[in-house]
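Reader: I am new to this structure. Please take one part and look at it closely for me.

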Amino acid sequence: MNRTDRLYALVEDLRAIAPRCRSARELAARFEVSVRTIERDITALQESGVPIYAEPGRKGGYAIDRKASLPPLNFTPTEAVAIAVALSRAGDQPFGRQARSALRKVVAAMPGAEGELARELARRVQLARPQDEPEVRPMGGEGISRAIEEALLRRRVLRLDYADAKGALTSRDVEPGVFLGGRGGFWYLVAWCRLRDDVRVFRLDRIAAATVTGERCPDRPLEGFATDVPEMVVHGTVLD
């Protein structure tokens, strides 16, 4: 990576985690340069008017005003195809519609030649699925996934009609915590159930109805939604 690309990437990296900060040592490891090089880069950016400031203390580092404007992002054809491959493996997933919409925007924003190159490369990348590999199960009835997405985004209480393994239906208000992808292609909602006064795991294809209420969820630590679903290893989704 040349210095110009690194300077831009530094701004992009700090903006992505704002208002949190990264230390010079973390940035140096991230960009595979020395701490001294990072310090010179930060000074150059500050002198050019980029609003980067230093946070003092043991857990301090460099941070950026999130309102700082950036030029449009330019994705390479290989980056666009990498996103497409990841989406094709995901099947139906939470925020899947938005993900596919974002990919279309990425390709549409690419210069003409780059966009065509990405499309040509994508045609040359094919995926085969073993016959015994389970397909992703339905995310539930019409609007179920969208209601959960909205409740998670707006931090609102959900009202569910839920059927247990024997088909018995109960209505309950829940405080959504985590969207969880499980083995066998099933998706689950991990939530605080007010009916049971405890954390419960709801399989999406057993949710008969989901309504977003106007009540805001109380703050609960994310760690409180830890699950004991058997044979499941949980990995978080990170953006930085």
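Author: Helices α1 and α3 are roughly perpendicular to each other. The model is a predicted one. In it, α1 (residues 3–17) and α3 pack at an angle of about 80°. Their axes are 10 Å apart. An angle from 65 to 115 degrees counts as roughly perpendicular, so this pair qualifies.

Now the contact itself. From α1 come R3, R6, L7, L10, V11 and L14. From α3 come T37, I38, R40, D41, I42, A44 and L45. The residues of this contact divide into eight nonpolar, one polar and four charged.

Take one of them, D41. This residue lies in α3, which spans residues 35–47. D41 has a relative accessible area of 1%. Buried means under 20%, so D41 is buried. Which residues does D41 touch, leaving aside its neighbours within four places in sequence? They are R3, R6, L7 and L10. Those four belong to the α1 side of the contact.

Next, the sheet. It is open and has five strands, in the order β6-β5-β4-β3-β7. The pairing is antiparallel. β6 (198–203) and β7 (207–216) stand at the edges. Each has a single partner strand, so one side of each is left without a neighbour in the sheet. On average, neighbouring strands are turned by 45° against each other, direction ignored.

Inside the sheet, β4 (residues 169–181) pairs with β5 (residues 187–193) over seven bridges. V178 stands opposite V190 in β5. Helix α7 (residues 144–154) lies across β3 (156–163), β4, β5 and β7. It runs at about 25° to β7.

Definitions and conventions
Residues are numbered from 1 along each chain as its sequence is written. This is a predicted model: local features need pLDDT of at least 70, side-chain atom pairs count only at pLDDT 80 or more; totals for chains, interfaces and linings use all residues. Side-chain values use heavy atoms; hydrogens and water are left out. Two strands pair if DSSP finds at least two bridges between them. Helices (H or I, at least four residues) and strands (E, at least two) are DSSP runs, numbered from the N terminus. Axes are lines fitted to C-alpha atoms, for helices over the stretch in contact, and angles run from 0 to 180 degrees between N-to-C directions. Contact means heavy atoms within 4.5 Å. Buried means under 20% relative accessible area, exposed over 50%, partly exposed in between (1.4 Å probe, protein chains only). Angles under 35 degrees count as roughly parallel, over 145 as roughly antiparallel, 65 to 115 as roughly perpendicular and the rest as oblique. Ala, Val, Leu, Ile, Met, Phe, Trp, Tyr, Cys and Pro count as nonpolar, Asp, Glu, Lys and Arg as charged, and the others, Gly among them, as polar.
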